[in-house]
Amino acid sequence: MAEVTPWEVSGEVDYDKLVAEFGTRKMDGELGRRLVSLAGEDHVMLHRKFFFSHRDLDLVLKDYESKKGFFLYTGRGPSGPMHIGHLIPLIFTKWLQERFKVNLYIEITDDEKFVCKKEADWDHIQKAAADNMLDIAAVGFDPERTFIFKDSEYIKNVYPLMLKVAKKINLTTTRAVFGFNDQTNIGLNFYPAYQIIPTLFEKKRCLIPAAIDQDPYWRIQRDIAESLGFEKTAAIHSKFLPPLSGMAGKMSSSQADTAIWLTDGPKVVRNKVMKYAFSGGRATVEEHRKLGGNPDVDVAYQWLSILFEEDDAKLKKLHDDYKAGALLTGELKQVLVDRLNEFLAAHAKRREHAAHALRQMTHEGKLARKMWETNHVE
Ligand code: TYM
C-alpha cells in the first residue's frame, strides 16, 4: 500500500487513485491546451504529463483572461541540502511567472522542519535554510515580483491572520487530513495554519505548483478561505521524480545514495547513476541485444522523459533503440549522466551569482519591501 503525506511518500504510487482519494481533477487535454495557448509556449513537464492533476486551474485561467489576475505560491522545508526533485516545482513555477508576469511567494518552513522530527536541530535547519534560499534564488525568478520569506522571521507580520486561520481548524480535521494523533506535538498541530497563510497574501486566486504530497493543506484551505473573505486556492500537482533505485516512492532526503544533490560533482553523478539507477535492461549484453530492454521501468529513461530530454524525437529514439536492444543500459545511463551534469553545472554557475537576487527577493525588491510593510490584518 502506498502512503502519500506531506512528510512521507512510500510504495508504488497510483496517481489515478490519488486523484480520486484527494478529490482533485486530472489535467485533461483541453485544459492543458488552454494553459499552453495563454502561456504562448509549451513546457516539457506539461506535455509529458508530469504535472497531471489540478484544483481550479480552469478558474485561474479565467481570472487571467478577465484581467482579474492571479498569483503564485510555493515553498520548501529546509531540512538539509536540496536534491533535484525539490527543484522540479520551482522550475515549473519560474516558467509560469515568466509567461504570466505574476507575483510569487516562496515560503521557507524552518518552523515545520523543527517540529516535525524529534531529532531536528535548530541551528542545522537555519544553515540549511540559508543554503536552500540561495539555490532557490539561482532558479532565476523575477526579483521585483518574488518574495521569499522564512517562517520564523516573517511571523510577526502574519500572526494575527494566522490566528484567524488557526481558529477555524480543529484537531478532528488535522487528524483526519494529516493522520496526527495523541502523540503529535502541538507545534506540528499548529503548523498547517502557516502553510495556508501565503494563499491569502492577495485578494486574488492563488495557484500553487507543487508535487501532490502537499495537497492536504490546500484541502483545508479550500474549506475555510471563503469564510475569511478570501478565494479558495487553486493548485497544479506534479508526480514525484522517482529515486534512482526504482519507481516506488519519491526521491527523498532520507535516502542519500538514490538522490542526486544539487552539489554532486560530475564523478559522483556518474557513479550514482551507474551503480544505483534501476535498469530495465537484461542480465547480459547478449540477452539485451537479442530481447531488448524495458524503458517503462528504467529510471534513467524515466528521468530523461520527465525533464532531461526535451526533444520528443530524440526521446522516442532512445525509447525505441533501448526496446530493440540496440542501446545498452550503460549507454542510456550515460545519456542521463551527461544531461544531469550539464544541468548541475548551469545551476552551480547561477548560484554563484545569486546572492544579489536573493537580497532583492527577501528584502530589497519591490514585492519584498511591500510585504515587510504589510501586517496582514484587516
Ligand atoms: P519539501 O521541502 O518537502 O519539498 C519542496 C517541494 O518539492 C516537492 N518535492 C518533489 N517534487 C518532485 N519529485 C520529488 N521527488 C519531490 N520531493 C519533494 C514538494 O512537493 C514541494 O513542492 N511543507 C513543504 C514546504 C512548503 C510548500 C508550500 C511546498 C510550504 N509551503 C507550498 C509547496 C507549496 C515542504 O516541506 O516541502
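Reply: Start with strand pairing: two strands pair if DSSP finds at least two bridges between them. Strands (E, at least two residues) and helices (H or I, at least four) are DSSP runs, numbered from the N terminus. The model is a predicted one, where local features need pLDDT of at least 70, side-chain atom pairs count only at pLDDT 80 or more, and totals for chains, interfaces and linings use all residues. Residues are numbered from 1 along each chain as its sequence is written, and side-chain values use heavy atoms, with hydrogens and water left out.

Me: In what order do the strands of the open sheet come?

Reply: The order is β3-β4-β9-β8-β5-β6-β7. That makes 7 strands, with mixed pairing.

Me: How many residues of strand β5 are buried?

Reply: Buried means under 20% relative accessible area, exposed means over 50%, and partly exposed lies in between (1.4 Å probe, protein chains only). In β5 (residues 70-76), 6 of the 7 residues are buried, so the strand is largely enclosed by the rest of the structure.

Me: Which strands pair with β5?

Reply: In a regular strand, side chains alternate between the two faces of the sheet. As for partners, β5 pairs with β8 in the parallel sense over 3 bridges. Phenylalanine 70 stands opposite arginine 205 in β8. Strand β6 (residues 104-108) also runs parallel to β5, joined by 5 bridges. There, glycine 75 has glutamate 107 of β6 as its bridge partner.

Me: Now a helix. Which residues of α2 are buried?

Reply: Helix α2 spans residues 29-39, and its buried residues are Leu31, Gly32, Leu35 and Ala39. Look down the axis of α2: the buried residues fall within an arc of 100°, so they line one face of the helix. That arc is taken from the directions from the helix axis to the C-beta atoms. The face turned away from the buried side carries exposed Arg33 and Ser37.

Me: What covers the buried residues of α2?

Reply: The cover includes α3 (44-47), β4 (51-55), α4 (57-65), α5 (84-100) and β9 (234-238). Just after α2, glycine 40 takes a positive phi of about 80°.

Me: At what angle do α12 and α16 pack?

Reply: The angle is about 145°, and the axes of α12 and helix α16 (residues 329-352) are 9 Å apart. Next comes handedness: a crossing is left-handed if the near helix is turned anticlockwise from the far one by less than a right angle, and right-handed if clockwise. The crossing of α12 and α16 is right-handed. Residues making the contact include Val269 and Val273 of α12, and Leu336 and Leu340 of α16.

Me: What is arginine 222 in contact with?

Reply: Arginine 222 lies in helix α11 (residues 215-224). Leaving aside neighbours within four places in sequence, arginine 222 is in contact with Arg55, Asp56, Lys232 and Thr233. Arginine 222 counts as buried because its relative accessible area is 17%.

Me: Last one. How many disulfides does a search of the whole structure find?

Reply: A disulfide is a covalent bond between the sulfur atoms of two cysteines. The test is a pair of cysteine sulfur atoms within 2.5 Å. The search finds 0 disulfides. Cysteine 206 is buried, at 1% relative accessibility, and cysteine 116 is partly exposed, at 24%.

Definitions and conventions:
Contact = heavy atoms within 4.5 Å. Axes fitted to C-alpha atoms, helices over the stretch in contact; angles between N-to-C directions.
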